[in-house]
Every structure is written in structure tokens, then in C-alpha cells.
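Student: I would like a close look at a single part of this structure. Please treat its strand pairing and the surroundings of one of its residues in a connected account.

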Amino acid sequence: MMKTLLTLALSFLSFHLLAQDSLTIRREFANKEYVNLYKENSDFSYTAPAGELGAPSKYVINGRLTTTYMLLGSYKSPIAFSIIPDFTVRVRNEASAGVRTPSYRLGFAAYARLNPDPDRYQYAELAFTHHSNGQDQSALNLDGTINTLTGNFNANYLTASYRFGHSSPVVENGSYYSFNQRVGFQWHKFFRYEPALDLGFGFTRVLYNFSWRKYDQIERNATNKAKVKTEKETWRLNTEVSYAVNKIPAKNFINVGKRLNAEVNFNYSFPFMNNVFLMAAVGYYGEDNYNIYFQDHYGYMRFGFSSGFLRNRRRHYDN
């Protein structure tokens, strides 16, 4: 009897330890994969000759440079932290090809994994961002209008987001899709800001993003290497919408022309391209997000090149 009980106890202990090991391995795998998701879901950098077509000002070229530095992205932790520098410049179509007021953002983000399945992921994100333009003159002209030439712009804000998505099954040729969404809320007035923004800035915004991406298998038959399969992100369709919900002077809550910002951009990468897309975008600024130009509103198109953290894996034919 005692021998039977001892055998059952050892079997139960072994099963429990194996289950614990399996759970630990699953968590560690999820933590590592989620770090890749945090980076893949970050905004693209781009270079756009002629800039935003339709803007009140004419530009030679516009560019945005952003990345994500993962300060903490360990397989041991479901929590991660990053620094996100984000710089945008618009080179004006004038004799000096001036930039005037660059748009500098520096942010810190924290991520929390909410489930262990990277193929049907869910995570929370909280970011703090400082936004300024490097100018130090008064933000207002003597007549009370905004000084868009040399006026100071500074603002700080929090962005809370819930991100979720899933991947489709892989078909016979190795292709599949991913569907990625974000619901968020943005607050500016918790922190110091340029008082001139009280003239009509969207301090509080509701955010929604949707991204549809396609991945393909590209076979490479290098003569000096074993045959491998390379997984490549072929195209990405992004939709971004935000709506200001705070009180704005002389603008009621349904004044879409002032409160709505929206953009749809399509990014396509030819097989010979590496980590870069051809980009085409169409959008509307109810509030131009290029700092001191926040009173401008217009529709626009943008064409050029984009890049970011793209999914690109290599596997041997036997896998």
C-alpha cells in the first residue's frame, strides 16, 4: 500500500514539474515574441519628396525618422520598456530651403503582455511623450495670431493604448496575413504646455488604428548556401484615426473639420527590396500635428519610401 502511495505521489510530482516547465517555456516564448510585436507595431519612418501635397505651404521634401529602443525586452518578463525618438522635418520650397520649425518628439513607453498567445496577441501600452520644435521666440505675434515662423511650441502628453491582433492560417505557398488594431486615449493637460495652445489645440484625443499586413515566402537559391525560405512582409495597409474631444473655442463637439485627423497609407515592398516599402498615403488634418501649425486643416497626399521593424525570418527547407 505504502509503495503504491509513494508511486502515485512521485508520479503526481513529476507531472506537476513537467506542467510547470511547460508553462514556463510557453511564457518565456511569449515574452520574446511580444517584444517583436511591440516593435512591429511602432510607426514607420518615411521620406516623401514634395511632402504633403495639398498643404498650405509647399515643400521640397518631408521626412520622419523614428525607432524603438527596447531598454527592457527580456524573455523573463511580461513587462517591457522602450525609448522612442521621433523626428519630423519639412524642407520648405523657398530660396533657402528652410526647415523653420522641426517637430521633435521623445517618448518613453511601457508594455504589458495580457495573454500568452502571440498569434492572437493582446497587450497594454502606456507612453509619455515630450513634443517641441526647438524655437524660443514668442508663440504669438503682436496681433494675437500664431507665430509659425519662429514661435515656441512645447507640449507633453500621455497615451494609453490597448493593442490586439491575430494572424490568419498559413496557406500552401507560405503566405498569410495579420490583422492589428489599437484603441487609445491621449491627454495633454496633465503637464506643462505652451499657453498659446489654448487658442484651439486638441488636448484630449480618442485614437483608433487598424493595420492589415501580408507576408510571403521568398525562396533564395544561393549557390554557396543551403536552400532556405525567407519570410518577408510584402505589403502593409495602415489606417489611423483620431478625434479631439476636449472643449475648443468656437468649435462644437461635432465640428469634424477641426477635430478629426485621419490617414490611410499603403506600403508595398518588391521582392528585391530589403526592409523598405514604396509608400502612398491620403489623409486629412483637422489639426496639423506638425507642432506650431496646429491651426492648419487640409486634405493631403504623400508619396515616397517608408521603413520600420518588419517581420523577416529565414528557415531551412526541412522546417
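Tutor: A residue is called buried when its relative accessible area is under 20%, and exposed when that value is over 50%. The model discussed here is predicted. His131 has a relative accessible area of 5%, and therefore counts as buried. This residue belongs to strand β6, which spans residues 122-132 and pairs with strand β7, residues 154-167, in the antiparallel sense over 11 bridges. Within that pairing, Gln122 of β6 stands opposite Phe164 in β7. Strand β7 also pairs with strand β8, residues 176-187; this pairing is likewise antiparallel and comprises 10 bridges. Here Ser161 has Gly184 in β8 as its bridge partner.

The surroundings of His131 can now be described. Its side chain forms a polar contact of 2.7 Å with the side chain of Ser103. Leaving aside residues up to four places away in sequence, His131 touches Ser103, Tyr104 and Arg105, together with Phe153, Asn154, Ala155 and Tyr157, and also Asn289 and Asn291. Among these contacts, Asn154, Ala155 and Tyr157 fall within the residue range of β7, the strand paired with β6. In summary, His131 is a buried residue in strand β6, and the strand itself pairs with β7 in the antiparallel sense.

Methods: Residues numbered from 1 in each chain as written. Predicted model: local features only at pLDDT ≥ 70, side-chain atom pairs only at ≥ 80, totals over all residues. Heavy atoms only, no water. Pairing = 2+ DSSP bridges. Helix = DSSP H or I, 4+ residues; strand = E, 2+ residues; numbered from the N terminus. Buried < 20%, exposed > 50% of the residue type's maximum accessible area, 1.4 Å probe, protein only. Polar contact = N/O pair within 3.5 Å; in protein donor to acceptor, adjacent residues only side chain to side chain. Contact = heavy atoms within 4.5 Å.
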